[in-house]
Amino acid sequence: MAGSGEIILAHGIWNFMLHSKSFVPTQIGVYGPTLTGKTTLDRQLTTYGEVKEIDLKNRTHHKKGWLGRYKLPNPTKKRISSEGLTKTIVSRDIGGHQEYYSTWLRDMINRNVSTVVVVIDHRHLLDPNNLENQAALGYLVESLANKTRPKGLTIKGWLRARKYAPQRLILVANKADEWLTDETFPMWEKGLIARHPIFDVFRNHLYKLQAMHIPVYIDAMSARYAWNVQDAIIKGMKI
Ligand SMILES: Nc1nc2c(ncn2[C@@H]2O[C@H](COP(=O)(O)OP(=O)(O)OP(=O)(O)O)[C@@H](O)[C@H]2O)c(=O)[nH]1
Ligand SMILES: [Mg+2]
């Protein structure tokens, strides 16, 4: 007959098997042009709740190391959950100025990122001449299509670069508190947010990702006010 100790042990193993998947960290890369809310999102995922407004002067910048390459902050682990599913993700907060675009690639390939999250906002709706959002996604898509090898790869990353592709891409339009209106909110509720005009300028790049067999998940969020943040990422990770 099994003693109570064995039962407790078996229970522990069973529990571990049930939940172990949620502890295997998923490497996530968060990129997007400056001021879209990447640092806000990083803080939202580490602290939850409303994030204090970040001063516009307080952009994310990186210092150069002795080789002349930008030094990146260490990746950090975050636990996120939605609809009963919990996952551990690993990401780091990189700046969105154009000078950092190639460090996005370096980060993505070196960490073998499986989920790329591209954070954009509504600036192209406010000013049709502002192409920053399109340029940022375009850079990533073109680089993936051309198998670009950025500078500063580790040996493993360098070997990986030619065959690297993320398993999925999440395109998230942040600051929904500003652009999602009472008229368009039902689109989101019905799961049709991908048809919102805010995503129109990205369609060609999205088709290109399709052609590369990289699935894309599209959603809206408000990183500052904690609306649809963890849900969007977890739903995106399911595709
Ligand atoms: N209204 C609104 N503002 C937001 C939201 N998320 C971020 N912001 C604001 O947008 C501005 C830029 O946010 P950051 O998180 O610093 O942007 P970033 O993408 O890290 O910018 P870089 O570090 O330059 O790449 C800040 O003033 C934030 O408070 C949001 O969901 N809604
Ligand atoms: Mg930042």
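Me: A helix here is a DSSP run of H or I with at least four residues, and helices are numbered from the N terminus. With that in hand, which helix gives the most to the shell around ligand 1?

Reply: This is a predicted model. Helix α2 gives the most, with three residues of the shell. Helices α2 (38-47) and α7 (176-179) each supply at least two.

Me: Which residues come nearest to ligand 1?

Reply: There are 22 residues around ligand 1, and Gly37, Thr39, Thr60, Gly96 and Arg224 come nearest. A residue is counted when its C-beta atom, placed from the backbone, lies within 6 Å.

Me: How does the shell around ligand 1 divide into nonpolar, polar and charged?

Reply: Five residues are nonpolar, 10 polar and seven charged. Gly counts as polar under this scheme, and Gly37 and Gly96 are among the residues that come nearest.

Me: What makes α3 mostly covered?

Reply: Nine of its 10 residues are buried. Among them are Tyr101, Trp104, Leu105, Arg106, Asp107 and Ile109. The cover over these buried residues includes β1, β4, α5 and α6.

Me: What happens to phi just after α3?

Reply: Asparagine 112 takes a positive phi of about 50°. Most residues other than glycine have a negative phi. Asparagine 112 lies in the loop between α3 and β4. With 13 C-beta neighbours inside 10 Å, asparagine 112 counts as partly exposed. Exposed would require 12 or fewer.

Me: How do you know whether lysine 147 is buried or exposed?

Reply: Count its neighbours. Lysine 147 has 12 C-beta neighbours inside 10 Å, so it counts as exposed. Lysine 147 also has a positive phi, about 55°, although it is not a glycine. Lysine 147 is found in the loop between α5 and α6 (155-161).

Me: Which residues touch the most other members of the largest nonpolar core?

Reply: That core has 43 residues, and Tyr31, Val116, Val117, Val118, Leu140 and Val172 touch the most other members. The elements giving two or more residues to this core are β1 (26-31), α2, α3 (101-110), β4 (115-120), α5 (132-146), β5 (168-173) and α10 (229-237). Take Val172: beyond four places in sequence, Val172 touches Val117, Val119, Asp219, Ala220, Met221 and Ala232. Membership is limited to buried nonpolar types, joined through C-beta atoms within 7 Å.

Me: How do you know whether the radius of gyration agrees with a compact globule?

Reply: With 239 residues, a compact globule would have a radius of gyration near 18 Å; the protein has 19 Å, so the two agree. The C-alpha trace spans about 75 × 50 × 40 Å along its principal axes. Of the 239 residues, 33% count as buried.

Me: What share of the contacts in the protein comes from residues 24 or more positions apart?

Reply: Such pairs account for 74% of the contacts with a separation of 6 or more. The secondary structure comes to 10 helices and six strands.

Terms used
Residues numbered from 1 in each chain as written. Chains lettered and ligands numbered in written order. Predicted model: local features only at pLDDT ≥ 70, side-chain atom pairs only at ≥ 80, totals over all residues. Buried ≥ 20, exposed ≤ 12 C-beta atoms within 10 Å, placed from the backbone. Contact = placed C-beta atoms within 7 Å. Rg over C-alpha atoms; globule rule 2.2 N^0.38 Å.
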